[in-house]
Amino acid sequence: MAKRIDEQNHWHRLDNTANIFPVTTSKNESNVFRLSMTLIAPVAPELLQQALEMMLPRFPGFAVLLRRGAFWFYLNENNAVPTIREESDYPCRAINPAQNNDFLFRVTYYDKRINVEIFHVLTDGTGGVQFLRALCCQYLMLAYPTRFTEEEKAKHWYEQHVAETNDGYVSNYRPTKKTSFSIGKGYRIRGERLLLDTLSVVHTYIPLQPLLALCRGKGVTITQYVTACIAWGVYTTQLRKRPSKHPLNMYLPINLRKLFGTNTALNFFSNIYISLDMQADDLHFNEILAEVKKQFEEKISRGNMLEKISYTVGSGYNPAVRFVPLPLKNLALRIMFKQGAKSSSLAFSNVGDMSLPAPFAQYVTGASFLLSCVPREPIKFAACSANGLFTLSFASMLRSQEIQQAIVQKMAEDGLEVTIETNGVDYESV
Amino acid sequence: MKACDICHAQVTGTHEFCPLCGKRLQPAEPYGYTLPGNRYPDLSRISAQYNFMLRLLLFLSLLGGGVSVLVNVLVPTGFWWCLIVIVAEVYLWLTIPPLLRRARNYAKRLLFQTLLTALLMVALDFIIGWRGWSVSYAIPSLLCAGIVAIAAMIVFSRTNWPQYVFYQFTMGLLGFIPLVLYFFGLSTSIVMVLITAALGLGSVLVTVVFGDRSLKSDFRRRFHF
């Protein structure tokens, strides 16, 4: 008997956050993030392709294409094969599904580095890290077949279960009375732009242990410390020279998986804004750090996050929203998003530890995480760590590197051994 | 390893000047932790995509439209023939670009082209003095051709049928449009109306009877709310 279409062709709804991404994405606003792993030896393309084909079936949430329904977008199973390419463009460029068999992610390599660039519709940073880890483990097993035991090779390192394509937002939804989460307009970082699509990338490497010790000494977490350093960098280079009545609003995505004990392969994050009023011209770093810490502790709580996600899920349940045809819904979303985007001055995301498990860790020298810039937020900050090395990466559309410089200077001043590396778009080339 | 005295950081790679502040780097003892050693492709020569042909065609069609309006105004004939030029240009710009893109679903494309061509016919009929040939003959003929074409596509590539079934069903429903037009007195040829409606009914029945669950699940995914 012929196989039924139901069994052949799975589909799932977009998670609650993902609904915004297809609507707001354009050439200038790619909503793509990049996760990279640097190995000890140059990448062999044919093995990487083979590894991708082997591990993709274990990630049903990635083997999909985006379709339009009458009322909502949805993700349909994609049975084609994605192809890897050598990196030949700036990081985090918009994903054109037509160029890669309709897939919404891109796997590229350059020299010793494997990059996975993911359209945010699929998943968030945490979901992306699992995918990159699975790909790297599979690749390493193919590249060094004699170095792993049969047991290790037979094991499925990282996988997604179909059940994990459940929407964590919806399953944790509780009706709420709160009606709005909008905050005022935020300070806008300004500066002369780089040409066209050029993106400047600067990685700063810091050994993890001394950084941890420093933060413990100050009684803060790494994320809080780095957030304060970023605020300090913007304050000393921009706000002190050009005071603004708008506060510096730093957008930080917050992973909700631990907070809610939900393990989903889709997006499951919310956000907080660390909002700093920086009109004074004699602020000290420690004052900023104390304020950042205070806001972190106030804002990241299960209750706060629950209210936030319940508000967005609840508005999706509203019949006045639900039964509006997709094109009209998109129009409304776009307008709302444009308004909301004005609150944010910059974004900083720390995806945490990206290390591979024990048998594979020795083949990795580092990892990095990059966010795409948008004209409204011309510089974005992303951090991760692997094998005892903390990496803070700056992606910037600005010609001047003053903010990056101020942050590096501040961290070096605190006694950290900072090493920087760039993608070549810097003082020498521009 | 090299270091910058101003930024207090070491710099990897082949830099001679600090990438952050531009000052000359000084030699330094490496910090002693392992670095990933990332390299990036040299993209300084990459140029933004610039589609000259597309821009030329756009310019020519705007020019053509503008000139025909001008001539039509300057040499009055009592007939707005420049509208035909403009409608034809709009039609071409709407239909040709999707045709050049890689097809995801031919049935969807066919449905889109049929509807657009129907609109073109109505517009032309209207411009050259409404005689109703578009609704009486052109639209029914187009719909018949569309229904038959989708049926033929399904016969020749049966494996793709699950993707096409939704469009076959929709096209079948559109087959009843001439009937509706007839009741409103817009369409005059009962023969054309009946042929189209019969083909449409056949198309809908085939999808409902043979498509059963595949049609249902396709509807569920397209109309989920």
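This is a predicted model: local features need pLDDT of at least 70, side-chain atom pairs count only at pLDDT 80 or more; totals for chains, interfaces and linings use all residues.
User: What makes the contact between the side chains of A:Lys153 and A:Glu150 a salt bridge?

Analyst: The N to O distance between the two side chains is 3.9 Å. The cut-off is 4 Å between a Lys or Arg nitrogen and an Asp or Glu carboxyl oxygen, so the pair of A:Lys153 and A:Glu150 qualifies. Both residues belong to helix 5 of chain A, residues 150-154, and are three residues apart, about one turn of the helix.

User: Why is A:Glu150 called exposed, and why is A:Lys153 called partly exposed?

Analyst: A:Glu150 has a relative accessible area of 62%, and the term exposed applies over 50%. A:Lys153 stands at 30%; partly exposed covers values between the buried limit of 20% and the exposed limit of 50%, so A:Lys153 is placed in that class.

User: How do you know that A:Lys294 and A:Glu291 meet in a salt bridge, and where in chain A do they lie?

Analyst: Their side chains come to 3.8 Å, N to O, and the limit for a salt bridge is 4 Å. Helix 10 of chain A, residues 285-299, holds both, three residues apart, about one turn of the helix. A:Lys294 has 44% relative accessible area and is partly exposed; A:Glu291, at 27%, is likewise partly exposed.

User: What makes B:Asp218 and B:Arg222 a salt bridge, and are these two residues buried or exposed?

Analyst: The closest N and O atoms of B:Asp218 and B:Arg222 are 3.3 Å apart, and the criterion is a distance within 4 Å. B:Asp218 and B:Arg222 are both buried. They are four residues apart, about one turn, in helix 7 of chain B, residues 190-222.

User: How many salt bridges does the structure hold, and which residues of chain A are linked in a network of them?

Analyst: Over all chains there are 16 salt bridges. A network of salt bridges links A:Arg34, A:Glu87, A:Arg106, A:Arg113 and A:Glu117. In general, side chains of opposite charge can pair when their charged atoms come close.

User: Why is B:Thr196 called buried, and which residues is B:Thr196 in contact with?

Analyst: The relative accessibility of B:Thr196 is 0%, and buried means under 20%, so the term applies. B:Thr196 has its place in helix 7 of chain B. Neighbours within four places in sequence aside, its contacts are B:Pro140, B:Leu143, B:Cys144, B:Ile147, B:Gly175 and B:Pro178.

User: What is the secondary structure of chain A, and why is chain A called as compact as a globular protein of its length?

Analyst: Chain A comprises 15 helices and 15 strands. Its radius of gyration is 22 Å, close to the 22 Å from the globule rule for 430 residues, and chain A is therefore as compact as a globular protein of that length. Its C-alpha atoms fill a box of roughly 75 × 60 × 40 Å along the principal axes. Of the 430 residues, 57% count as buried. Among contacts between residues at least 6 apart in sequence, 77% join residues at least 24 apart.

User: What makes A:Asn101 partly exposed and A:Asp102 buried?

Analyst: A:Asn101 has 33% relative accessibility, which falls between the limits of 20% and 50%. A:Asp102 has 10%, and buried means under 20%.

User: Why is A:Leu333 called partly exposed, and which residues does A:Leu333 touch?

Analyst: A:Leu333 has a relative accessible area of 21%; buried means under 20%, so A:Leu333 counts as partly exposed. A:Leu333 is part of helix 13 of chain A, residues 326-341. Residues up to four places away in sequence not counted, A:Leu333 touches A:Asn19, A:Ile20 and A:Val23.

Terms used:
Residues are numbered from 1 along each chain as its sequence is written. Chains are lettered from A and ligands numbered from 1 in the order in which they are written. Side-chain values use heavy atoms; hydrogens and water are left out. Helices (H or I, at least four residues) and strands (E, at least two) are DSSP runs, numbered from the N terminus. Buried means under 20% relative accessible area, exposed over 50%, partly exposed in between (1.4 Å probe, protein chains only). The radius of gyration is taken over C-alpha atoms; the globule rule is 2.2 Å times the number of residues to the power 0.38. Contact means heavy atoms within 4.5 Å.
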